[in-house]
Amino acid sequence: AVCSMGNSTSRLYSVLAKTLSSGAVSQHQDCLEQLDSAQLDPIDPKELLEECQIVLQKRPPRFQRNFVNLKKNTASNHRPIRVMQWNILAQALGEGKDNFVQCPMEALKWEERKCLILEEILAYKPDILCLQEVDHYFDTFEPLLSRLGYQCTFFPKPWSPCLDVEHNNGPDGCAMFFLKERFELVSSANIRLTAMKLKTNQVAIAQTLKCHETGRLFCIAVTHLKARTGWERFRSAQGCDLLQNLKNITQGAKIPLIVCGDFNAEPTEEVYREFSNSSLNLNSAYKLLSPDGQSEPPYTTWKIRPSGECRHTLDYIWYSQHALNVTSALGLLTEEQIGPNRLPSFNYPSDHLSLVCDFSFNQDPDRLL
């Protein structure tokens, strides 16, 4: 049976190998109920990583990416908080809608691609994980990550484009995961973004967490704004709505804030300027990798579609610069690593690069606001 679980490694593999068909949407809740007791049994991340590597043994090895140290002689007496932002590419869209003309369909097989995604997450060990385009939450990410010690939240799009694809696995949406051993959930809000006072198809999750080690509160948010050229004003309105929600949640920046997302917007767009100039005093973490600390990376997504090559900077980690320091950030893949066929590929599971940052709290945040 799909939900049967043996012991040790065979039990891990049964979870890893399990992929629900589109007809199993009603069944997956039953399956989750059967797995409840198993979910209480923790998974060793090293074992899970080994299982992923067995599945991926015919694929080329993971790309090497290094963290860049960004400390400015700031002494901190607590462990940094590692935050990972990633649009993982919805399976239904990758196979059915996105038309990655240089990517073989074989590279998009879910049984292997999910292991590439998990391998990336396990390699960087985030304390907080923010994902977009998640359409395998209930059968893959929630069952596995909950057993790795994460508290999991999912908010699907009301009208997900995944549902237009035959044999889909349900709607895609945003998902957030945080390590329960490091944080306590204080409050959580699922936000359906509005534009021109109309509810839209885009969503966000915002959670206020308390850090066990420091006792400090902070808010973490994840979102995915409207895609496509021609929707710039729409994205701007969505961004304004999200900022207003976050101002309320953070009591006007009294609570430090981190916002992760695929904004579908280059730094030249109005929604980027809104976040840069917000009263929440936000800065974009990945600007700090540039020589002057003022420029975004040249790309966070790079793909080839029938209309041509698309190389854009769309993904960001925003943070309260008065209250938080970025101590390190994960370097991006080089053009040589990505290769001429671009993303996704046998090497890399998504058309977007993952962003990973380490944060520490400033000692006297109010003085800098």
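The structure holds 19 aromatic pairs; rings of Phe, Tyr and Trp (its six-membered ring) pair if their centres lie within 6.5 Å, and planes under 30 degrees apart count as stacked, over 60 as edge-to-face and the rest as tilted. Two of these pairs are set out below.

| Pair | Centre distance | Plane angle | Kind |
|---|---|---|---|
| Trp 110 and Phe 141 | 6.3 Å | 65 degrees | edge-to-face |
| Phe 263 and Tyr 316 | 5.7 Å | 85 degrees | edge-to-face |

Before going on, please note that this is a predicted model, where local features need pLDDT of at least 70 and side-chain atom pairs count only at pLDDT 80 or more, while totals for chains, interfaces and linings use all residues. Residues are numbered from 1 along each chain as its sequence is written, and side-chain values use heavy atoms, leaving out hydrogens and water.

Trp 110 in helix α5 (residues 110-124) and Phe 141 in helix α6 (residues 137-147) are 31 residues apart, so this pair links distant parts of the chain. Helices (H or I, at least four residues) and strands (E, at least two) are DSSP runs, numbered from the N terminus. Both Trp 110 and Phe 141 are buried, meaning under 20% relative accessible area, with exposed being over 50% and partly exposed in between (1.4 Å probe, protein chains only).

The other pair also links distant parts of the chain: Phe 263 is in the loop between β9 (257-262) and α8 (270-276), and Tyr 316 is in strand β13 (residues 315-320). Phe 263 counts as buried at 2% relative accessibility, and Tyr 316 is buried with a relative accessible area of 2%.

What does Phe 141 contact beyond its neighbours within four places in sequence? Its partners include Trp 110, Phe 177 and His 136, where contact means heavy atoms within 4.5 Å. His 136 lies in the loop between β3 (128-134) and α6, and counts as buried at 3% relative accessibility.
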